[in-house]
Amino acid sequence: MRTRDVGISLALVILAVVAQTAVFGDGRINPWGASPAAVLVVVLACVRYLDPEPSLLLGFTAGMLLDLLGGAPLGLWAMAYTVSVYIALRFRSRADDGPVIVGLGVFLITLVAHSLFVIIGTLFGERFFTSTAVIKDTLLPALYNVVLAAVVFPIVSRLIGRRQRLGWST
Amino acid sequence: MQSFQRFDKSTTLLIALLVVAFLLATFDVRSAGGGIGTTMREGAQTLFSPLQEVAAAVTRPVVGFIDALSDIASLREENDALRLENEELKTEVEQFASIQADLEHLMEINSLEAPEDLPTVTARIVSSGASTLDLVRFIDKGSNDGISVGDAVIDQRGLIGRVDDVFRNSARVRLIFDPNVTISVQDEVTSQTGLLTGDNDTLILRIFNAEEPVREGNVIVTAGSRFPPGIVVGTVKETAADDAGFGLDAEVVAAMNPTRLDYVKVIVGYSPLDAADDETEEPVTDELVEEPTEDTVGEADGNADGADSSGEEAP
């Protein structure tokens, strides 16, 4: 891993944050009332090739940017994404190669991230649990992310993954 | 010693980052829209707004195309519903003339100004929250344009939400669908007042001591505490009555469409204290006693812009 890879990852995350808030956010492209978590997909794609510490910082930064550009209290997405990256780091070396494993991993980690956001948000006074829509808002992004990962992972792989592979291969 | 070694560098960093995030969240919630959180948000907004505007402009045709595709599927169903609605509306229009006359008369008596007469600032929505759990929009106008926390945001259909954080050149609008938002509203037909709370996809109207049912299609407007009176919020979805005597709950279909928001108007210069002054001249009614959340908290705070309590309950 080189500093250049971290820089590229950060640039990709910033692009993803812009896309998430301007294109995929609530009220934009969100089929059946939910949108993919594009930022998380990019983070997971980068985590494949980065060392653990930069990966965790990348996840934290990505979550923090979403917090700053969103309406929830600061730190909620940051916590959810940092934990998600940690889980991804723990399992990336054990995961078998293959798109099915990658897809399943992306699905489960997105599910964990959104569930954590909902749970931590509720602890901080957000009223996510007042509606059944919370189930849809948690499950659908995980499904969309699997589809999005099929596009994002190869791109990230070409940009920063040529030299080093630590699992999660497509 | 063994257990100490379990905490490798990444685990230690994870814990440190979680602690930082937790502290930030605590400070942000405690400061309730002020402090370091607002400063950081303003900085992020300033940096990202140009990028978001470009992204929104570039992808607008794509978003419109996808919207149109999803619309085709529901057009036939919507067409049938509209035909039926049209027939009902013809009947209602006849009744509306007399209701409008009554309303104008009442507004004259109370010296209330129509929302159209209040100064407004036109703004464009540049971005939204990170997910559908994040029911906010960011607009490209802020405190430099006279916008302040608590201002009502409307479009041609009706109420959209309220400004809940203001920066110099942008502002954050919390939509009426947010479960944290509660609005004092009135049934235009029965004149009963109640509280309307967001429920993500829909709105729930609650009227305590409802003397008569709210009927399907009744228009719900703001009651004039935090927001100027008479702004359309939505229509009652199904007739509901207070059968058990515990209050009446009815689902309300919002007038505004969150997927169709582009340009909006922010009503500036309206102070909840105006409404409070009007209310002090009137005899206290049962509704005012029953619903102190909207009408009294801001007065007690002396908070003209409703920063802490304008339509929202503190977490």
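How many residue pairs are in polar contact across the interface of chain B and chain A? The rule finds 13, both residues being at pLDDT 80 or more; a polar contact is a pair of N or O atoms within 3.5 Å, where within protein one must be able to donate a hydrogen and the other to accept it, and residues adjacent in sequence count only if both atoms are side-chain atoms.

This is a predicted model, in which local features need pLDDT of at least 70, side-chain atom pairs count only at pLDDT 80 or more, and totals for chains, interfaces and linings use all residues. Residues are numbered from 1 along each chain as its sequence is written, chains are lettered from A and ligands numbered from 1 in the order in which they are written, and side-chain values use heavy atoms, with hydrogens and water left out.

Next, select Arg90(A) and Asp8(B). They form a salt bridge, with the closest N and O atoms 2.9 Å apart (a side-chain nitrogen of Lys or Arg within 4 Å of a carboxyl oxygen of Asp or Glu). The rule finds one salt bridge across this interface.

Now display both chains. In contact (heavy atoms within 4.5 Å) are 55 residues of chain B and 54 residues of chain A.

Finally, select helix H3 of chain A, residues 52-68 (helices are DSSP runs of H or I, at least four residues, numbered from the N terminus). From first C-alpha to last, H3(A) reaches 24 Å. Of its 17 residues, 13 are buried, meaning under 20% relative accessible area (1.4 Å probe, protein chains only).

How values were computed
Helix = DSSP H or I, 4+ residues; strand = E, 2+ residues; numbered from the N terminus. Expected span 1.5 Å × (residues − 1). Buried < 20%, exposed > 50% of the residue type's maximum accessible area, 1.4 Å probe, protein only.
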